[in-house]
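Reader: I'd like to learn how to read a structure like this one. Could you walk me through a few features?

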Amino acid sequence: MSTFQAPKGTYDLLPPDSAAFLAVREAIAAPARRAGYGYVETPGFEHVELFARGVGESTDIVTKEMYAFSTKGGTELALRPEGTASVLRAALQANLHKAGNLPVKLWYSGSYYRYERPQAGRYRHFSQVGAEAIGAEDPVLDAELVILAVDAYRSLGLRDFRLLLNSLGDKECRPVYRAALQDFLRGLDLDDDTRKRIEINPLRVLDDKREAVQRQLADAPLIVDHLCEACKDYHEQVRELLTAAGVAYEDDPRLVRGLDYYTRTTFEFVHDALGSQSAVGGGGRYDGLSEMIGGPSLPSVGWALGVDRTVLALRAEGVELDLPAATDVYAVPLGEQARRTLFALVTELRRAGVAADFAFGGKGIKNAMKSADRSGARLAIVAGERDLAEGVVQVKDLASGEQGPVALAEVAETVKERLV
Ligand code: HAM
């Protein structure tokens, strides 16, 4: 063991488990790619002000959880706690919205950092795959994104997830609701910190997990009862489109999310087997974010799904992913000449698309055959000097133990046939 351990709240992804992680990333991205979303990659850190303005000065993410630092040159930066603000910044910087084809549809995949209290499913370094559609206000687009996320989960075989849906209103109706909520909250018996929150960010109080607070919130005014006609109509259309696509959802009038940029449609995917960190993904519409970070009006919508938690949810459901074998063929050379010949053969097989590995380090046959078994390969190719003199190698089926000679020139073809 080394003197060092991975920092608190982080973990290493190692084979064989890392294969499932990669497969989940790919499966989440696949529906978005098929729907015309292009890949975007932004830096792991940004100007701290981007997140302060975008995610919100009063959110936990910005006030407590950001890895912020100043560089030797005095620039204030932060490791990215989320992807939306960065992706929108990148799109604006490159003027993608001016290319005349709105919405700009982008997907991304990467590491995010939040200084949170670590627990099962909550890490300080975690992984998201996200999709953002920038510059269009259309309920069909909101529905498209939700459907893409649902299809991603379904393609992985995940079953026990629920979709919670809400609308947070727009700049017309939200302020009226906010004031009504503040009036209600000011009359409750709350601690000082929560009282402060009422003035800065009253919607977040609805999300307080404490029993004593929740009990007092039973009669709190709800945004659904304060939506303006335009928001009501928009939300109704999103709901109808989801139903038409066979997507089940639960209306959750208390769903507020932890980021301030949301307007109208908001949603979260939860998985009940995950305990308190049950959100496997979330997103919504953010019509004002572009202006908040100095851009033009660009109504947008998107989501990010947590890869770590999706892997945990799959595990909790006992879903076995159909992963490609790491190794199909394992070559065991006996002697110096065989080493060269079989290495050339392994290279040829790999070039032909077969996953092949080799007994390195001049292992004896017993050890090498053990490695072949451990590699998970279906076939072993064994050859000694006598085989090579006859122009053959022995191809062994590792499950049945059956073995027979195959002419060297025909190995690649034979192996490919036997692997299908
Ligand atoms: P978020 O809800 O903060 O939204 O994060 C999305 C997902 O990332 C969560 O549902 C969860 O699965 C995962 N996640 C968040 N924090 C952690 C953590 N500490 N450990 C493990 N997993 C975590 C956003 O980030 C928004 N940018 C989503 C969005 C995109 N909204 C519009 N567009």
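Author: Let's start with a loop in this predicted model. Pro103 sits in the loop between α4 (84–93) and β5 (104–113).

Reader: What is the peptide bond from Leu102 to Pro103 like, cis or trans?

Author: As a general idea, most peptide bonds are trans. The bond from Leu102 to Pro103 is cis, with omega near 5°. The bond from Pro15 to Pro16 is also cis, with omega near 5°, and Pro16 belongs to the segment before α1.

Reader: And phi? Is the value for Arg257 positive or negative?

Author: Most residues other than glycine have a negative phi. Arg257 has a positive one, near 70°, and is placed in the loop between β8 (250–251) and β9 (263–271).

Reader: How do I read two helices, say α1 and α5?

Author: You describe a packed pair by the angle between the axes and the distance between them. Here the axes of α1 (residues 17–34) and α5 (residues 139–156) come within 8 Å and cross at roughly 140°. That makes α1 oblique to α5, and the crossing is right-handed. On the α1 side, the contact includes Ala23, Val24 and Ile28; on the α5 side, Leu148 and Asp151 are among the residues. The contact residues divide into nine nonpolar, one polar and one charged.

Reader: Which residues are closest to the ligand?

Author: Of the 27 residues that surround the ligand, the closest are Glu82, Glu116, Tyr123, Glu132 and Tyr262. Look at the backbone too: a polar backbone atom of Gly281 is 3.1 Å from an oxygen atom of the ligand, while one of Gly302 is 3.4 Å from a ligand nitrogen atom.

Methods. Residues numbered from 1 in each chain as written. Predicted model: local features only at pLDDT ≥ 70, side-chain atom pairs only at ≥ 80, totals over all residues. Heavy atoms only, no water. Axes fitted to C-alpha atoms, helices over the stretch in contact; angles between N-to-C directions. Helix = DSSP H or I, 4+ residues; strand = E, 2+ residues; numbered from the N terminus. Parallel < 35°, antiparallel > 145°, perpendicular 65-115°, else oblique. Left-handed = near helix turned anticlockwise from the far one by under 90°. Contact = heavy atoms within 4.5 Å. Nonpolar A, V, L, I, M, F, W, Y, C, P; charged D, E, K, R; others polar. Near = heavy atom within 4 Å. Polar contact = N/O pair within 3.5 Å; in protein donor to acceptor, adjacent residues only side chain to side chain.
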